[in-house]
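Subject: Structure handover

Hi,

Here is the model I promised to pass on.

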Amino acid sequence: INNKSVELGDGKGKKGTRVKVYGRIHELRVQKTTTFITLKDGYGYLSCILPAGDLTKNYDALMFALETALVVYGEMRAVPEGVKAPDNRELHVDYYKVLGAAPSDLDAITNRVSKEQDPWDAQMLDNRHLVLRGENASSVLKLREFVELAFIDTYREMEFRKVSPPAMVQTQVEGGSTLFKYDYYGEEAYLTQSSQLYLETVMQSLGNVYCIEKSFRAEKSLTRRHLSEYTHVEAELDFIDFNDLLDHLEEIISRVVDKVLADETMSGYLKALNPNFQKPSRPFLRMKYSEAIEWLNKQDPPILNEEGKPHVFGDDIAEAAERRMTDIINRPILLTHFPVEIKAFYMKKDPQDPRVTESVDVLMPGVGEIVGGSMRMDDYDELIEAYKKNGIPHEPYYWYTDQRKYGSSPHGGYGLGLERFLAWMANQHTVRTCSLYSRFMGRCKP
Ligand code: 4AD
Ligand code: MG
């Protein structure tokens, strides 16, 4: 179906190429005089026309159901004026063979699923292996692959090097409460929450570095945007200041979006999934945490904190409040300078105001936070103090601490959730549909 270069006939004088095509039935319409099939093979879709008569009277044709695997032979023709078909062509079938029949009970699932996309429905989640065959799921996954490769391309253009840090670790990065613990030959170990600390140990050798690896979080709540296992795009930049980090974030997000829009196939999927998608205009809005607190309180009615009270400095901006803010402002926000208390131990304090950190979250309409990043504490004593303050035993971090001993440097980095990035771009209600087989509390199958 991928082969778009074959000669097309016109059904009148001009003969088209006779081809042989493998695929599965995506759509089926049986009429008195003709059977119409849309065939799919993962590369694309093809309209097939089977005239009534000997061809469809046999037993096999009665077995046609969605997902039936077929091989069809016939002449490829341009569609007549006014007829809509994928790639404006149709196959006039003169012979076929069923390779793998499908019971028609599957129709209900694949159909329902591709049309409704209800990500909370347990039946849908149990049948994810079949849901994947729907057009929406297929488009999201194709877009996902492209976006991941677009990040890789962009990093290469920027001369960042890719590394692959370990997933099995003995240190936490983002707090003990979301650690997945397991037994490692009798020692306690964890599934990594973030590769950041490891990235901070290789830029001395490789320059600016990045990785695209799985991160794991034992999130004990069910939300639209939390997974237990997600794909984490992380980068670490050496010899920079906070402004460089913000500029870089804006640049890489814009470039990845540009690559998607510049690709005809991908922009087609994007248009189908999110007809209203607009390339974010630059510069992104830059807003300090303290300004956000004011903004939330200034709304009419005010957007309240988790206790139902007006926000005060030091409050976490919870998921709901953050999303409302992002939806109202309706453009990407670089939210910066979060208070020390609500951020991770490794974040560098703002030299102008030590109550806050040189930290940034990138917020997108519809999703909220898609990136978390910061400048890193580069002073040895300050880092030792930070472990203490956060109740983290410093011994297991000796390799991380050592970086502050041997030629420390001003540096910073970030992590971007690939599923959240996609949920934003493809307008998905939840990150669950942006993952092949999503993992979250209560679900570890299929
Ligand atoms: O804000 P987080 O926790 O930051 C870090 O892990 C840093 N150590 C990254 C770094 O600086 N290298 O996570 C970063 C991003 C979030 O903004 C979000 O997009 C995604 O990772 N994320 C999740 N995505 C899905 N499910 C979860 N449970 C996620 N937790 C974080
Ligand atoms: Mg975060």
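First, the housekeeping. This is a predicted model, in which local features need pLDDT of at least 70 and side-chain atom pairs count only at pLDDT 80 or more, while totals for chains, interfaces and linings use all residues. Residues are numbered from 1 along each chain as its sequence is written, and chains are lettered from A and ligands numbered from 1 in the order in which they are written.

**Domains**

The protein chain splits into domain 1 (18-103) and domain 2 (135-434); the bounds come from an automatic or database domain assignment. Taken over C-alpha atoms, the centres of the two are 46 Å apart. UniProt, in an unreviewed entry, lists residues 141-446 as "domain: Aminoacyl-transfer RNA synthetases class-II family profile". Its positions are given here in the numbering used for the model, with feature names shortened, and such annotations may be inferred rather than shown by experiment. That span is 32% helix and 22% strand, and its end C-alpha atoms lie 17 Å apart. Helices (H or I, at least four residues) and strands (E, at least two) are DSSP runs, numbered from the N terminus.

Two strands pair if DSSP finds at least two bridges between them. Strand β1 (residues 18-30) runs antiparallel to β4 (residues 69-78), with seven bridges; Arg18 has Glu75 in β4 as its bridge partner. β1 is also joined to β2 (residues 34-40) by six bridges, again antiparallel, and Arg24 is partnered by Lys40 in β2. Three residues lie between β1 and β2 in the hairpin that they form.

**The eight-stranded sheet**

This one is open and mixed, in the order β6-β10-β11-β18-β17-β16-β13-β12. β6 (161-162) and β12 (285-288) are at the edges with a single partner strand each, so one side of each has no neighbour in the sheet. Strand β10 (residues 209-216) and β11 are antiparallel and share eight bridges, with Lys214 opposite Thr231 in β11. Helix α9 (residues 242-262) packs on the sheet and touches β11, β12, β13 (333-336), β16 (359-364), β17 and β18, its direction making about 150 degrees with that of β17. Helix α12 (residues 319-329) packs on the sheet too, touching β12, β13, β16 and β17, at about 100 degrees to the direction of β17. Contact here means C-beta atoms, placed from the backbone, within 7 Å. Axes are lines fitted to C-alpha atoms, for helices over the stretch in contact, and angles run from 0 to 180 degrees between N-to-C directions.

**The three-stranded sheet**

Another open sheet, antiparallel, has the order β7-β9-β8. Its edges are β7 (168-169) and β8 (180-184), each with a single partner strand, so one side of each is left without a neighbour in the sheet. β7 and β9 (residues 187-191) are joined by two bridges, and Met168 has Leu191 in β9 as its bridge partner.

**Ligand 1**

Which residues come nearest to ligand 1? Of the 24 around it, they are Ser194, Gln196, Gly372, Gly415 and Gly417; a residue is near if its C-beta atom, placed from the backbone, lies within 6 Å. At least two residues of the shell come from each of β11 (229-238), β17 (368-375), β18 (411-417) and α15 (418-425). By class, the shell has eight nonpolar, nine polar and seven charged residues. Ala, Val, Leu, Ile, Met, Phe, Trp, Tyr, Cys and Pro count as nonpolar, Asp, Glu, Lys and Arg as charged, and the others, Gly among them, as polar.

**Backbone details**

Most residues other than glycine have a negative phi, and most peptide bonds are trans. The bond from Arg282 to Pro283 is cis, with omega near -5 degrees, and Pro283 sits in the loop between α10 (264-273) and β12. The bond from Lys445 to Pro446 is cis as well, with omega near -10 degrees; Pro446 is in the segment after α15. Asp87 has a positive phi, near 55 degrees, and its place is in the loop between β4 and β5 (89-100).

Cheers

Terms used
Two residues are in contact if their C-beta atoms, placed from the backbone, lie within 7 Å.
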